[in-house]
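Let's work through a few exercises together. Have the structure open beside you, and try each task before you read its solution.

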Amino acid sequence: YVPIDWSRVDLVIECKRRPTEQDPFDDDAPHNESMSDLRQNALDRILSYAELAFRHQQRTCVFMLLFLGDRARFVRVDRSGLFATKKFKYADDGGKVLGELLHRYFKLPDDERGHDPTATRIEKGGHLWNAMKKRADGDASDDYILALFQESLREHWVWWVLEVPVETTKYQSLSNAQRKRFAVGKPNFYEGGIAGRGTRGYVAIEVTRADTIVEGAKFVYLKDTWRVHDSEDISKEGDILQQLNENGVPHVPTLVCHGDLEDQMTKSQELWVKYHPSAKPGDCVLKRHRHYRLVVKEVGRSL
């Protein structure tokens, strides 16, 4: 048995022998959701696979291929919901439909297959990897921040460089031309599941474009989340922190930088509206989420 490296999985594939009883989706049921135990177990299983991909990678969405007996479905999952194609017989015409589908999928650029282009994997043994290990050296018995950073550098977990936009006001355009880069290990906070914000918190350190740690850089805290974006009236956390900081309000985190990541927004709610043309405004229960990152100066400790 070889364990799956979920940090490397691109397309999730699941195989079931029974085309109907083990199909997670029922085309004849409301919202295609069946209540039978076998179908529910199959749905729980594929959702757990998607959650593992989200947990171990930096993802905007996850694609899946389900084999159900002699039939198949293609599934797309994001932080708002999931959509599946209708079942098709993948062996028909010599597998032409399936072959065309896979050919088109793997011709897509990484970002259209759901990989976050603002996240770069830090390869084990590389220059930045070694620099992070060196930065973690020292006695952390009286330094809880260093202890948290040391704890995050688990060698079985993938480390990343994450880009964070520098928005100075909530009226700034989303060009994301200015970005800071931060190296992180394993998150010390992770909100499990798929639907929702998927918030992760990291002890981070700023790095240059050349993947070197910024001279004199101190540890900061980076929050990665998918914020609800159903209305322009919903303020960003960073905008609120900036206002509090500018007005000298004590005992709140000090904003370093923050911003929405350009073009990274859930699509499931748009597809729901497309397939429910007679629906009224407000009928869609799927919320639109936008990918957002925030960095603050202080690294908190658990109460």
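**Exercise 1.** Are aspartate 116 and arginine 293 buried or exposed, and how close do their N and O atoms come?

*Solution.* In this predicted model, aspartate 116 and arginine 293 are both buried.
Next, look at the contact: the two form a salt bridge whose closest N and O atoms are 2.8 Å apart.
Now place the partners. Aspartate 116 belongs to the loop between H2 and strand E6 (119-122), while arginine 293 belongs to strand E13 (residues 289-296), so this pair ties together parts that are 177 residues apart in sequence.
As background, side chains of opposite charge can pair when their charged atoms come close.

**Exercise 2.** Find which parts of the chain are tied together by lysine 124 and glutamate 155, and say how accessible each residue is.

*Solution.* Start with the distance: the closest N and O atoms of this salt bridge are 3.3 Å apart.
Then find the two places. Lysine 124 is in the loop between E6 and helix H3 (127-135), and glutamate 155 is in the loop between helix H4 (144-152) and strand E7 (159-165), so the pair ties together parts that are 31 residues apart in sequence.
Last comes accessibility. Lysine 124 has a relative accessible area of 57%, so this residue is exposed. Glutamate 155, at 41% relative accessibility, counts as partly exposed.

**Exercise 3.** Describe the salt bridge between lysine 223 and glutamate 237, then say how many salt bridges the structure holds.

*Solution.* The side chains of lysine 223 and glutamate 237 meet at 2.7 Å, N to O.
This pair links distant parts of the chain, 14 residues apart: lysine 223 is in strand E11 (residues 220-228) and glutamate 237 in helix H5 (residues 237-246).
Lysine 223 counts as partly exposed at 27% relative accessibility, and glutamate 237 counts as partly exposed at 35%.
Some salt bridges share partners, and these join Asp5, Arg8, Arg121 and Glu123 into one network.
The structure holds 24 salt bridges.

**Exercise 4.** Classify the ring pair of phenylalanine 74 and tyrosine 105, then follow the rings onward.

*Solution.* The whole structure has nine aromatic pairs.
For phenylalanine 74 and tyrosine 105, the ring centres are 5.9 Å apart and the planes meet at 75°; planes over 60 degrees apart count as edge-to-face, so this pair is edge-to-face.
Phenylalanine 74 sits in strand E3 (residues 71-77) and tyrosine 105 in helix H2 (residues 96-107), so the pair ties together parts that are 31 residues apart in sequence. Both residues are buried.
Moving on, tyrosine 105 and phenylalanine 106 have ring centres 4.8 Å apart and planes at 85°, so that pair is edge-to-face too. Phenylalanine 106 counts as partly exposed, at 46% relative accessibility.
Ring pairs link Phe63, Phe74, Tyr105 and Phe106 into a cluster.

**Exercise 5.** Which residues lie nearest the centre of the second largest pocket, and how do its lining residues divide by type?

*Solution.* Nearest the centre lie Thr60, Asp111, Glu112, Asp263 and Lys267, out of 17 lining residues.
By type, the lining has four nonpolar, five polar and eight charged residues.
Strand E12 (residues 255-265) gives the largest share of this lining, four residues.
Finally, the second largest pocket holds about 340 Å³ of space.

Terms used. Residues numbered from 1 in each chain as written. Predicted model: local features only at pLDDT ≥ 70, side-chain atom pairs only at ≥ 80, totals over all residues. Heavy atoms only, no water. 1 Å grid on protein atoms, 1.4 Å probe; cavity = no way out; pocket = protein on both sides within 12 Å on 5 of 7 lines; lining within 4 Å. Points joined across faces, edges and corners; volume = space filled by probe spheres on them. Helix = DSSP H or I, 4+ residues; strand = E, 2+ residues; numbered from the N terminus. Nonpolar A, V, L, I, M, F, W, Y, C, P; charged D, E, K, R; others polar. Phe/Tyr/Trp six-rings, centres within 6.5 Å; stacked < 30°, edge-to-face > 60°. Buried < 20%, exposed > 50% of the residue type's maximum accessible area, 1.4 Å probe, protein only. Salt bridge = Lys/Arg side-chain N within 4 Å of Asp/Glu carboxyl O.
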